[in-house]
Amino acid sequence: MALKYITDESFGLLAKDKKVLARFDFNVPMDKNDPTKIADTTRIDEAVETIKAILEHKPKKLVLMSHFGRPKGVDQKYSLEPVGKYLAEKIEQEVVLTETALDRGIRTLLTLSEPKIIMLQNLRFHPEEEANDREFARTLSTYGDVFVFDAFGAAHRKHASTYEVNAFFKNKAYGGLLLKREVESLDKIVNDPVKPFVAIVGGAKVSDKIKIIEQLLVSVDKLLIGGAMAYPFLKALGNNVGASLCSDDDVLLAKRILGTPGKGKIVLPSDHIGSLTFGGAPVDIGQVNISDDMMGLDIGPSTLQNFSDYLTNAKTVLWNGPMGLFENVNFSKGTFGIAKKLSTLNNAFTLVGGGDSVAAVTKSGLASKMSHISTGGGASLEYIENGTLPGIQALKFGID
Ligand code: AMP
């Protein structure tokens, strides 16, 4: 059974003059100094295309829903109000925010001719959401005749609005345009990637990414490991990593991976940029071994060259995790160097997934040069690991 999207002809027939219930991922980061200001609106901006496409079919109502942060019960600090306000400005239409997702007023709003767009207050004000509660899902389902799921960033969660709600929309559940883009892009990595396929994995913790590394070793031609992720591997091979970030548990995990048949595909750094203190003055460590008083904070120039050489002929590239402490300009050359290299690969499919590498690519100003930038960090990793996600399975096959 194929996943149906709102581009399917049947959607327009079901949506016209009816109520459309749509789940998005509006879980945007807020400005640390001004809690009413959205720091990065990408996730809302990405939803606009789907919202406009739904409205083109002239539904009677469009009911939007999302989670936001991790509130414990009702907490106005986690209100979706700033999201509703921003969205209303962006689409130039009124967006009415309900008091809660179970508010009695919603029934009345649904019968009135205006407003057309209703946004349910933060779903996580109700513990039933994360508990994947069937009754809660049933109530949500009464707000729509048709269901649209476009919350790729939350599709790895088995929650009431991402999973259980599908029980009430048999053959009336559709994926949105963002979900479509994400799935089609990730499938190019998961199903028969065009070879040579090179993956670049970085970041800080092996344990977070062990499953994806094991999975990737089956399909990649080369796996380039940088960032703090590289030190447990270097240590497991008997190199000195000095005071670099490197836990004993991660060394054990690295040993496990180095004991598998895929180990020959792994490429590790051969030099580093380090410092005597975290974020201190940068030192070019022109070799693989790091002295005891030094910590590695970026890949060195030879490593960047070597990694770039492997990327030159790649036809499919997946990048997850920075090559160093890229937030500090002294240790950002490796990460930005990889971003630059990827931006020059005209004939390759380049996919960047995972929060920090996305932030790095955005900061480098090269985001538009990538084939696809995934909006869901955890979701994109889980998709690559398992070839699907619970929210997508439920949408595709429905649930009993
Ligand atoms: P992750 O969330 O696992 O992708 O880790 C991303 C974080 O790892 C970023 O904040 C980087 O600054 C950090 N990081 C990457 N390489 C290093 C390194 N060599 N030493 C310390 N932190 C690093």
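Modeller: On a 1 Å grid over the protein atoms alone, a pocket is an open set of points with protein on both sides within 12 Å along at least five of seven lines. The model discussed here is predicted.

Biologist: What volume does the largest pocket have?
Modeller: The lining comes to 39 residues, and Asn 27, Pro 29, Asp 40, Arg 43 and Thr 375 lie nearest the centre of the largest pocket. Sorted by class, this lining holds 12 nonpolar, 15 polar and 12 charged residues. The volume of the largest pocket is about 1,100 Å³.

Biologist: Which helix gives the most residues to the lining of the largest pocket?
Modeller: Two or more lining residues come from each of helix 2 (42-56), helix 7 (177-190), helix 13 (355-364), strand 15 (372-373) and helix 14 (377-386). With four residues, the one that gives the most is helix 13.

Biologist: Which residues lie closest to the centre of the second largest pocket?
Modeller: This pocket has a volume of about 460 Å³. At least two lining residues are supplied by each of helix 8, strand 12 (295-299) and helix 13, and by class the lining has 12 nonpolar, 10 polar and five charged residues. Of the 27 residues in that lining, the closest to the centre are Gly 203, Ala 204, Ala 228, Leu 245 and Gly 324.

Biologist: Are helix 8 and helix 10 roughly parallel or roughly antiparallel to each other?
Modeller: The axes of helix 8 (residues 206-219) and helix 10 (residues 248-258) come within 10 Å and cross at roughly 5 degrees. Angles under 35 degrees fall in the parallel class. Helix 8 and helix 10 are therefore roughly parallel.

Biologist: How many nonpolar residues take part in the contact of helix 8 with helix 10?
Modeller: Helix 8 contributes Val 206, Ser 207, Ile 210, Ile 213, Glu 214 and Leu 217, and helix 10 contributes Asp 250, Leu 253, Arg 256 and Ile 257. Among the residues of this contact, one is polar and three are charged, and the number of nonpolar ones is six.

Biologist: What is omega for the cis peptide bond from Lys 195 to Pro 196?
Modeller: Most peptide bonds are trans. Glu 114 and Pro 115 are joined by a cis bond with omega about -5 degrees, and Pro 115 sits in the loop between helix 4 (105-111) and strand 4 (117-119). Pro 196 belongs to the loop between helix 7 and strand 7 (197-201). For the cis bond from Lys 195 to Pro 196, omega is near -5 degrees.

Biologist: What is phi of Asn 132?
Modeller: Asn 132 lies in the loop between helix 5 (127-130) and helix 6 (134-141). Most residues other than glycine have a negative phi. Asn 132, a residue other than glycine, has a positive phi, near 55 degrees.

Definitions and conventions. Residues numbered from 1 in each chain as written. Predicted model: local features only at pLDDT ≥ 70, side-chain atom pairs only at ≥ 80, totals over all residues. Heavy atoms only, no water. Axes fitted to C-alpha atoms, helices over the stretch in contact; angles between N-to-C directions. Parallel < 35°, antiparallel > 145°, perpendicular 65-115°, else oblique. Contact = heavy atoms within 4.5 Å. Nonpolar A, V, L, I, M, F, W, Y, C, P; charged D, E, K, R; others polar. 1 Å grid on protein atoms, 1.4 Å probe; cavity = no way out; pocket = protein on both sides within 12 Å on 5 of 7 lines; lining within 4 Å. Points joined across faces, edges and corners; volume = space filled by probe spheres on them.
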